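The sequence and structure come first, followed by the points by topic.

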Amino acid sequence: MPSLPRLEEVTTANLKTALSIRVRPHQEQNVEPVAESLAEAYVHPAGVAWPRLIVDGDRTVGFLMAFLDIDWRADGTLVRSGLWRLNIDAAEQGRGYGRFAVAAVAAEIRRRGGKEMYVTWHAGPDGPEDFYLRLGFRKTGEVSGDQPVGVLEL
């Protein structure tokens, strides 16, 4: 019987595995390495970053990091939650793990009472825009840094 993917916390026991996750070379410009994501999680207030490994059976296939109730404009006027990072290992892409990751983050945001899930992405031919749009995100017309912002109604 095939296993179902699951999320696991990043721990000292699986840290080296987490750090070994690599996207395809042409995707490296689109997402930060896992090490940088974990460093960012560490420097944000507790509870804002939600880093998780994506595991299928005994294989770690990817990494995601959600942002939960982040002060979007850094002025207290807008709080949002969403998918911050998604790294599916190059050898594991095309097997539905990205869709699983988006659904898992959406479920966590719903569990916490959220009604919307946000994501940003690097624009361009090798970027993930089509992936997010196929999953139901719509562009908001906003830009965060130089990245388009998408929202998914939950």
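Contact here means heavy atoms within 4.5 Å. By that criterion, and leaving aside residues up to four places away in sequence, Val105 touches Trp50, Leu64, Ala66, Gly82, Leu83 and Met117. The model is predicted.

**Nonpolar cores**

- The largest nonpolar core holds 22 residues, and those touching the most other members are Ile54, Leu64, Leu83, Leu86, Val105, Met117 and Tyr132.
- At least two residues of this core come from each of β2 (49-56), β3 (59-71), β4 (79-88), α3 (97-111), β5 (116-120) and α4 (129-134).
- Helix α3 gives the most, with six residues.
- Another core, of 17 residues, lies apart from this one and includes Val34, Phe63, Ile70 and Tyr118.

**Salt bridges**

- The whole structure contains nine salt bridges.
- Glu40 pairs with Arg85, with 2.6 Å between the closest N and O atoms. This pair joins helix α2 (residues 34-43) to strand β4, across 45 residues of the chain. Glu40 is partly exposed at 21% relative accessibility, whereas Arg85 is buried at 11%.
- Arg59 and Glu92 form a salt bridge at 3.0 Å, N to O. Arg59 lies in strand β3 and Glu92 in the loop between β4 and α3, 33 residues apart. Arg59 is partly exposed at 32% relative accessible area, and Glu92 is buried at 9%.
- Arg59 and Glu92 also belong to a salt-bridge network with Arg95.
- Glu142 and Arg80 meet at 3.1 Å, N to O. Glu142 is partly exposed at 26%; Arg80 is buried at 9%.

Key:
Residues numbered from 1 in each chain as written. Predicted model: local features only at pLDDT ≥ 70, side-chain atom pairs only at ≥ 80, totals over all residues. Heavy atoms only, no water. Core = buried A, V, L, I, M, F, W, Y, C linked by side-chain atoms within 4.5 Å. Buried < 20%, exposed > 50% of the residue type's maximum accessible area, 1.4 Å probe, protein only. Helix = DSSP H or I, 4+ residues; strand = E, 2+ residues; numbered from the N terminus. Salt bridge = Lys/Arg side-chain N within 4 Å of Asp/Glu carboxyl O.
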